Every structure is written in structure tokens, then in C-alpha cells.
There are 2 protein chains.
Amino acid sequence: MLTYSFTDIGSDCLYIHLYKCIQKDILSGKLPAGTKLPSKRSFAKNLGISTITVENAYAQLQSEGYIYSMPKKGFFVAQIAPPSKMPVPVPDSRTPFPAASPYQIDFVSNKTNPDNFPFSIWTKLIRETISEKREELMTTPPCGGIMELRMAICDHLKAFRNMDVTPEQVIVGAGTEYLYGLLIQLLGFDKTYAIENPGYQKLKKIYQSNRVNYCPICLDEEGMSIRALEASKADIAHISPSHHFPTGINTTISRRYALLSWACQGKDRYIIEDDYDSEFRLSGQPIPTLQSIDQSERVIYINTFTKTLASTIRLGYMILPKHLLERFYSSLDFYSCTVSNFEQYTLAHFLSDGYFEKHINRMRTHYKNVRDQLLEAIKNSPFSSRIKITEEDAGLHFLMHIDTTMSDKELLQAADRAGVHLSCLSQYYLDTGETIPEHTVILNYSGLTPDQIPDAILLMQQFL
Amino acid sequence: MLTYSFTDIGSDCLYIHLYKCIQKDILSGKLPAGTKLPSKRSFAKNLGISTITVENAYAQLQSEGYIYSMPKKGFFVAQIAPPSKMPVPVPDSRTPFPAASPYQIDFVSNKTNPDNFPFSIWTKLIRETISEKREELMTTPPCGGIMELRMAICDHLKAFRNMDVTPEQVIVGAGTEYLYGLLIQLLGFDKTYAIENPGYQKLKKIYQSNRVNYCPICLDEEGMSIRALEASKADIAHISPSHHFPTGINTTISRRYALLSWACQGKDRYIIEDDYDSEFRLSGQPIPTLQSIDQSERVIYINTFTKTLASTIRLGYMILPKHLLERFYSSLDFYSCTVSNFEQYTLAHFLSDGYFEKHINRMRTHYKNVRDQLLEAIKNSPFSSRIKITEEDAGLHFLMHIDTTMSDKELLQAADRAGVHLSCLSQYYLDTGETIPEHTVILNYSGLTPDQIPDAILLMQQFL
């Protein structure tokens, strides 16, 4: 009869040890398919263990399909053929985890300075949420997000952007990138999406990655070119009219109307309005949204709390035109909302208790201060005569045009050597045969602190 | 000269009031394109306000493109053509927000009972995270998630599933549905995805919504049919081998090897292994994963904390085979991680400090208790002679076969009337011409409390 040693049992319990011994013999072929296993009782007696131990081992082997039972006949080894091993493609040696940033000064990343995040209020609100909303926290939210948050977003949009929208129109998701993907599913994989050139590079990647057609459309000083848009095959125009990234262009009212007219000329035409940093217009009033002047339900408005709160809180939202709601809810409401209830309730409080408004005001003052000090320092720097600043009034970045003989590539390399993370306007252009402006760098000061400014100027001197 | 009244100014400040008056006249055509506006000084004098007020109003009008300036000539009204209004499609009257659940007993939803969520530990860990990790909380994580969480997931998988994986292979995302979408982008929109029939209905919807081909493959008692899979055009098999939903079938070891062999027969073939509730196997050992016996890097393992922690914490992860990492990181790492740093760090603590293990053990005991009481109550019920229970050993649901003359539709209607939320096995079948088993209901007891059981039995008596 089959026999096994229990001396090398290690930390396993008896039945697991027996299970492993039999499993090994089945896989090695020592116990070929069809072999009848000893009856539980005689096997137990032979091994000097209890019948229940054998029974448990057999049960586990049976549940995994190593053995099968035939009524009144006992247990038999199943037919098992391990697959012949396929050669495994050698993984690329490139490590996916880059080391920590080698830069002393970073004019590119959107990292929120920890000093600027309202940690104590946030902690208080999370604590309150957890103690007051146990039942709600565990209740599956509608696919568009919890009602409290969607209502709070409506109130916020009314107060800050003069937009009249209902909670049903608000769809909350784990960041705008996720929402763009959802929009492709809503509007169609067969549509062509117009993106701004130059523009936010991720959009191209998202449309590419979803295998949909996109076309880069050039800008003039008023915004996306209507002529180029009309000459394209685009169905959807994806734009940032209130503060174009990276040029800073604010789409004029006449161009806004022209874009809306374009959208009205086809029933499947829509405009995706990305309003990503309108909260940080540093002089004058915020520019009214395209959504708020749209009379024909052609605009899908998108915004995020990434810029205003922290890039590491993944929470964005979109406002769907009313007539698209039925399509959305009938075709996409099987998706679970991608944002945790804990953060949705906390943010809802943060908005409706007025903390967000205070935070935005504080941040606007902070950024204005950083910008003013940076502009002043640049003005007083040795390189001030060779540069020109534009688009400094809207939030979180401006353009610096440099009089230099270096190419943009050389400029970036020199900045790199000096420990300054910079990007050039030319990097945001897709090559469509147009003239690409050189020697214009984008200074994103959102991660800068005032005390870093003297260092930033000293380091920039090394290559300017 | 142009003149405006300041009597109906409301809560606006002076310049905003003036801006609105001029804007209104431009949009109404009262100030046609090309009209020269009064000089700031004379306009101010005429209106009895300060020059700076006129200047601010002009600046706002100019920034929005209502007027433009010509050097030394002054300000002029821009050409603006509001779009002709397009008829707005009438929105459907259907409300997207269903009222609260009308059911007294719910055997369908996955809602976590608030008593079962470890609120106090979770609150403690969030508080610690916020006080200790301010810098890290604000640092943009790699697209696959923060390293601490990915390492904690590796340790967990080693301890509980005997899987050897590295943090680079772990990709964290806002729920498995999001990760499925990412996998389509990684593996290809041109591939055909095999799904289980019967099976988890969302998969069909996700593949449909992403416009990729999918084919339903029937199951036999060992798991997904190899013959049907081989006869299909599938490149990717999406399965739940450890506990099939809804039948509860556990794929046998020989079928697992056969599936791996199938995957080895084409270089673009992969298996997506959804291990969604393996933590709750209520008797014997957990079934080893397909990933752990895969020698040829053909398996993508997916799991979530939805079942184990709460359905409202959106956090899932997938384990990519090593040779796919390069493709993933070169084509998809532009995406931001969809889970907030706050929850990633909190969960990392929860895992690495041993709380998760304790929680799982506690929940396993809880669910076993609920299941045993429910089975006992069914056994002692007046309808016990007309039912048969199967697949009760693996977690959170079992099947109840009913001897009845009612159709499944009638059965569900009767349950509805009694206030019991039920689903039938037949609802999970895609119509592919096969025989669909009738009179089998799925009892998901994850949201049930022991004290609800007597009521549940009484209500079921009304229709059984």
C-alpha cells in the first residue's frame, strides 16, 4: 500500500502534509491516472493517523480535481497533463521605477506642496464622516457618485462659474483621464476627436491608447482655429477654452460662439470643455464657461480637484448635457463609481461647509505671491534683458521667451545639467508641418515655494 | 456718449456692473461690431466713476474677447455672432436615481454590513497616515500605485496564495472594472475575449462598451469547456477558476493545466484569472491560483478589496506577467494612478500591520456562521422538501434548486412581491442556444445578518 513519511512535515498540519505528498506523486506520474487510492480507513491504519486526516486530505485533493470519487468504489487519480512549458519572453531590463527627482527646481511637475494642503481640516472631516456616516459609507453609490457630492458640485458651479446644472448631470470619476475614457465609450469609438496643437500631451495618448481617431488642430490668438476645425473630419472638439495649456490662450467670446456654431452643425458634434485651472485666474473675473453660454446642449464640461486640492486625490467630474443622460444611464450605469465613498463624502463636506472656497482664496493669494516674486526676481536677474514674459495672468504657469542661439534641445540639456526641470513650448506641438515656436519655456510655478526663488534664479543664470 | 445707470447694481462691484452693461449691449447688437468705445477718462467722467473702474471693466471685456484695443486709437467692439440655437433633443423622462431599495431581504447586492467594516482601525490608520506621511501623500505615485502598497500586496499574495510576484508586477487601480479597461488597452482592441457562460454579467457589458469582440464559452463541471474554447476565435480567456460566479464551480487541476496549455499555443493568448472571493473559501484550504502554477507567463491575475473590505472602497489590483511589464510601462504609464494616495497608504498599513489577516479571519467566521444558520433555517423550513442546496463551501453565495412549476420569471416576480431580492442562475446565461437550467436561485448572503434569517425564511415561504 501507498505509504508516506511524516518526519519532514515542517509546519504543515497532518492532512496538508498528506495532501502534498499525494499531489506530488500524482504530478510526477508516480500515481498515474486511474490509480485507485487506498480506502480511507485502511490508509489511516497503515499510516498510523486518524481516518479524519485522510478524509480531509482526500477532500482537498478532490476539491482541486486531483482525484475523483466513484460511489461505492472509492477514490481514483484524475487524468492531469501539465502543459509543456512555453519559452518565456525575456523581460526588458528597463526598470519601471525611476529614482527620486534629480532636480533642485521643478518647473514642470504638478506636485502639491504639503504646506498648501489643508491637512487638519481634511483629517477633521474624514473623522466626522466616519463617525456619522457608517451606513452611507457602506452603501453602493450610483455610478455617477454620491448625491451629496454631486449637489455640492452643482452649488459650487453656480456660485463660481454661474452654471445651472442638476446633480443628475454630474458624473464623478477617478480623475479626468478616467472620464475621458468613459466619454469615448459614450460618444463613440467611431468618432474623430479634435485636440489642440500645441496641447496637453496626455490627450493624444489617451485617444491613441483607445484606438480612436484624433486630429491635432492648430490655434490662433483667439483659440482653436475654426477654419482648421471645419476642414477636419472631427466630430468632437476637445478644448481648454478658459486657459489653454500650455500657451495660456483664453478663447475669445466670438471664437466661443463660432465653436458652438460649429457644434450645432451636426447632431453628433460635441465640445469637451476642459476647465482644469480656471479657479486660479489671478487678475480680473473668471472667464465664463462655454457650457454656461451653450443654448443647444453641445458642451460637456470637465473639471477636477487635482489642481485645486492635490494631484494625489483622484477626483474629477463631468457635466453631461441633459439629452445625453438617458444614453449615459442606459449604456454605462453598470459601471461602479471609481471614487471611494470615504473621499466622496469628505469632499462633499469640504465643499458644502465653505472650506473649499476658503482654500481656493488662500491658494490664489499664495500663487499670486509666488508668481509676483518670481516675476520680480526674473526682472532683476542678469538675464532679464534676454527674456520676455507672456500669459502671466491665468493660473499656475506662464511663458518665458528667450533670446538665445541654443536650440530647444540644447536649452533643456543645459537646464538639466543645472538641476532645473524645464519644458519648452515646442515639446507640446504635434508635428503637422506648421512652424513651431522655439526658445519659449513654460514656467509652472505650482510646486515652487517663495524661498526657492533665489536658488531658481541662480541656477537659471547658469544657462541663460 | 454711452451711458448706464448704476441704480440696479445689486451686489456687484462697480466694474462688474459696467462690464455686464456693455456686454449686454454688445450681445444684443445695440453696440455693433467696430463701434469705438469712449476713452476711459471721458467715460469715467461721464458716468461719475473713477477711471480705474472703467479700466477694469474694459480689461475684463478685452480678456473675454468682447472688445479689442488698437494702439493709440482706443477700444472697439469685436465681431461676435451667437450661434443659432439648435433644437435640443428632449431628454428622456426616466429618472436616473432609483428610490431606496424596496426589499426587506436582499440576496443579490454586495453591500457590506456596516457592522463588519473595521471602522475604528481604519480611522486610526488614516489619522496616522495623515500625520506621518504629508510629503508622501502629496507626491504623485507611479501609474501602478505606491510602492508600499504594492509590496504589501506581494507579501499578502505570498502568505495567502503562495504566489511569488514582485511589486513591479502589481498594478493598482480604482476597482477591477477599471483594470479590465486598462487590460483591453494593453492586450488589444483587436483581440477576442472569451467569457464564461453563465457568468458575471458586467464582463459582457465592459467588453461591449469598449467595442471589442467577446465570445461566451460554456462550462462543464470542471470549469470552462476546453473544446468550446478551442473551437472559438478567442485570444484571451477571462475566467474565475477558484470560485466561478454564479455556479460556484471550482476549476479542476486537470482543466487548469488544459487552460494553460491552450494559452501556450499562441503567443498572444492570455488568461485573465479573476480571483474575486477566494479569501472566503469556507472549508478546506484555498485553491491554488492558476497564476502560481503557470510556468509560461500566460496568466494575468486580478483581485480586489471590494469583497473582503467594502464594495465602496474602490481598490483592485492586477499581477502582470514579467514579460508584459515593458509593454505596460512603455505604452500605459502616462496614466495617473486612479486611487487616491490617502487610501493607498492606509490600505498598505492595514495589510502590512496584520489587520487585514485578522479581518479576513473574523469575516470568514462571520460568513460561515451566517451561512450555517441560513442553511439550518432552510432545512427546517416548510419548503425544505422542495429544495436542494449546492456549492455551499466557497464564499458568499450558494445555489438553491427549487422543485416548482413556476417559471423563473414568475418566481422572481413572486419574490419581488414578498420583498425578497433574488436572482436566478438563468439570468446569468447569454443565449447561445444551450439548455439553460431553470428553478435555480443564487443566495448571496454577504449582506445578511443572522437576525434577518427568520424573516428571510418567512418571506420565502410566501412563494416557495
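## Basis

The model is predicted, and local features need pLDDT of at least 70, side-chain atom pairs count only at pLDDT 80 or more, and totals for chains, interfaces and linings use all residues. Residues are numbered from 1 along each chain as its sequence is written, chains are lettered from A and ligands numbered from 1 in the order in which they are written, and side-chain values use heavy atoms, with hydrogens and water left out.

## Interface of chains A and B

In chain B, 99 residues are in contact with 99 residues of chain A (contact means heavy atoms within 4.5 Å). The two chains bury about 8600 Å² between them, and 64% of this lies on carbon and sulfur atoms; buried area is the accessible area (1.4 Å probe) that two parts lose on being put together, summed over both.

Two salt bridges are found across the interface (a side-chain nitrogen of Lys or Arg within 4 Å of a carboxyl oxygen of Asp or Glu). The side chains of Lys111(A) and Glu135(B) form a salt bridge, with N to O at 2.6 Å.

## Cavities

The whole structure has 16 cavities of 30 Å³ or more. A cavity is a set of points on a 1 Å grid over the protein atoms alone where a 1.4 Å probe fits but cannot get out, and lining residues have an atom within 4 Å of a point. Grid points are joined across faces, edges and corners, and a volume is the space filled by probe spheres set on the points.

The largest cavity holds about 200 Å³. Its lining has 15 residues, and Tyr178(A), Gly181(A), Gln185(A), Tyr178(B) and Gln185(B) are the closest to its centre. Helix 7 (176-187) of chain A and helix 7 (176-187) of chain B each supply at least two lining residues; helices are DSSP runs (H or I, at least four residues) and strands likewise (E, at least two), numbered from the N terminus.

## Buried sites

Helix 12 (residues 322-331) of chain B has His323(B), Leu324(B), Leu325(B), Phe328(B) and Tyr329(B) buried, where buried means under 20% relative accessible area (1.4 Å probe, protein chains only). Their cover includes helix 6 (147-161), helix 7 and strand 4 (170-173) of chain B.

Thr346(A) lies in helix 13 (residues 341-352) of chain A. Thr346(A) is buried, at a relative accessible area of 1%. Apart from neighbours within four places in sequence, Thr346(A) contacts Trp122(A), Leu125(A), Ile126(A) and Thr129(A).

Note on methods. 1 Å grid on protein atoms, 1.4 Å probe; cavity = no way out; pocket = protein on both sides within 12 Å on 5 of 7 lines; lining within 4 Å. Buried < 20%, exposed > 50% of the residue type's maximum accessible area, 1.4 Å probe, protein only.
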